[in-house]
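Dear colleague,

I am passing on the structure that we talked about, and below it you will find a description of what came out of the analysis. Please look at the structure first and then read on.

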Amino acid sequence: MTNPGHSDLYVATYDEPSAALRDARLLEAVEEDEDLQVFGVVVMSRHDDGKVDVLVATEGAGEDVTDWCGGSSGIVVGLFAPELLLATPAGTAAGPALSSLIRAHEEGRFGFDLDEAFPPESAVVVLVVAPNQVHRVDGVLLHAGKVTTRRIEDEDFDLVRAALAAPDQSVET
C-alpha cells in the first residue's frame with residue numbers, strides 16, 4: 001500500500017470472536033472485489049486472564065500468514081499495542097527497538113490503551129487502511145460494538161517496521 005504521509009489505524013472491538021471473524025471475512029471479500037487499500041489485518045481474542053490469541057493474520061488482500069509477528073501483521077499489532085509483541089520471538093529478546101516502541105506508545109505517539117480498546121473477554125479486528133477509506137471499512141465491519149481510529153504518521157509506521165526488522169538494534173524515536 002502506498003503510504004502518502006499517513007494511514008489510519010482502525011480497531012473494531014467485539015463481544016464475541018465469532019463476530020470478529022465473520023466481519024474480517026467480509027472485509028477480505030470487499031478488499032478483493034473493490035479498490036480498498038488495506039495493509040494487514042489481525043483478528044485477536046483476549047481471555048479473562050489477559051492472554052491474547054491471534055485468530056487471523058493477513059498481509060492484506062486475504063493472504064494468510066503463520067508468522068504474524070513479522071511483516072505487515074506485526075506492524076499492525078505494533079501500531080495498535082506494542083506490548084503485545086513482547087510475547088513474540090521478536091519480543092522475547094526485548095531489545096532496544098522494542099523498548100523504543102513501547103516508550104513511544106506510552107508517550108501517546110501511537111497505539112491505544114489495551115484495556116480500553118481490547119478489554120478481557122473480547123475480540124478485535126485491527127487493520128491499517130489507506131487515508132480517506134475508513135468510511136468504507138465502517139460499512140463492512142457492522143457487528144463491532146465499538147470502533148476507534150487513529151491517524152498513523154509515516155515516521156511512526158516506519159519506526160515499527162524498523163523495530164520488527166531488527167529488534168536487537170536501537171531505533172530512533
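**What was found**

The chain exposes about 7,900 Å², of which carbon and sulfur atoms supply 47%. Please keep in mind throughout that this is a predicted model. Buried residues make up 51% of the 173 residues in the chain, and among the contacts with a separation of 6 or more, 72% are between residues 24 or more positions apart. The chain has seven helices and five strands, which follow one another along the sequence in the pattern β-α-β-β-α-α-α-α-β-α-β-α.

**The sheet**

The five strands form an open sheet in the order β3-β2-β4-β1-β5, and the pairing is antiparallel. The edges are taken by β3 and β5 (146-153), each of which has a single partner strand, so one side of each is left without a neighbour in the sheet. On average, and with direction ignored, neighbouring strands are turned by 20° against each other.

Strand β2 (38-46) is mostly covered, since nine of its nine residues are buried. With β4 (122-129), strand β2 pairs in the antiparallel sense over eight bridges, and here Val 41 has Leu 127 of β4 as its bridge partner. With β3 (residues 52-58), strand β2 pairs over six bridges, again in the antiparallel sense, and Val 42 has Ala 57 of β3 as its bridge partner. The hairpin of β2 and β3 has five residues between the strands, and in this hairpin Gly 50 takes a positive phi near 95°.

Strand β4 is also joined to β1 by seven bridges, and these two strands run antiparallel. Leu 127, already named as the bridge partner of Val 41, is the bridge partner of Tyr 10 as well.

Helix α7 packs on this sheet, where it touches β1, β2, β4 and β5, and the direction of α7 makes about 90° with that of β5. The helix (residues 154-165) has 12 residues and reaches 16 Å from its first C-alpha to its last, close to the 16 Å expected at 1.5 Å a residue. Its buried residues are Asp 154, Asp 156, Phe 157, Leu 159, Val 160, Ala 163 and Leu 164.

**The nonpolar cores**

Which residues have the most contacts inside the largest nonpolar core? They are Leu 9, Met 44, Leu 79 and Phe 80, in a core of 31 residues. At least two residues of this core come from each of β1 (6-14), β2, α2 (71-80), α4 (96-106), α5 (114-117), β4 and α7. Apart from it lies another core, of 20 residues, among them Tyr 10, Ala 19, Val 43 and Val 134.

If residues up to four places away in sequence are not counted, Met 44 touches a list of residues that includes Val 52, Val 54 and Leu 55, as well as Val 77, Phe 80 and Leu 84. Further along the sequence, the residues that Met 44 touches include Phe 118, Ser 122, Ala 123, Val 124 and Val 126.

**Single residues to look at**

Leaving aside residues up to four places away in sequence, His 6 touches Pro 131, Arg 151, Ile 152, Glu 153 and Asp 154. His 6 and Val 129 are 123 residues apart in sequence, whereas their C-alpha atoms are 9.7 Å apart in space.

Most residues other than glycine have a negative phi, and with that in mind two residues may be of interest to you. Glu 121, in the loop between α5 and β4, has a positive phi of about 65° although it is not a glycine. Asn 132, whose place is in the loop between β4 and α6 (134-138), likewise has a positive phi of about 65° without being a glycine. Asn 132 has a relative accessible area of 66%, which is over the 50% cut-off, so this residue is exposed.

With best wishes

How values were computed. Residues are numbered from 1 along each chain as its sequence is written. This is a predicted model: local features need pLDDT of at least 70, side-chain atom pairs count only at pLDDT 80 or more; totals for chains, interfaces and linings use all residues. Side-chain values use heavy atoms; hydrogens and water are left out. Helices (H or I, at least four residues) and strands (E, at least two) are DSSP runs, numbered from the N terminus. Buried means under 20% relative accessible area, exposed over 50%, partly exposed in between (1.4 Å probe, protein chains only). Contact means heavy atoms within 4.5 Å. Accessible areas come from the Shrake-Rupley method with a 1.4 Å probe; for residues, only the protein chains shown count as cover. The expected span of a helix is 1.5 Å times one less than its number of residues. A nonpolar core is a set of buried Ala, Val, Leu, Ile, Met, Phe, Trp, Tyr and Cys residues joined through side-chain atoms within 4.5 Å. Two strands pair if DSSP finds at least two bridges between them. Axes are lines fitted to C-alpha atoms, for helices over the stretch in contact, and angles run from 0 to 180 degrees between N-to-C directions.
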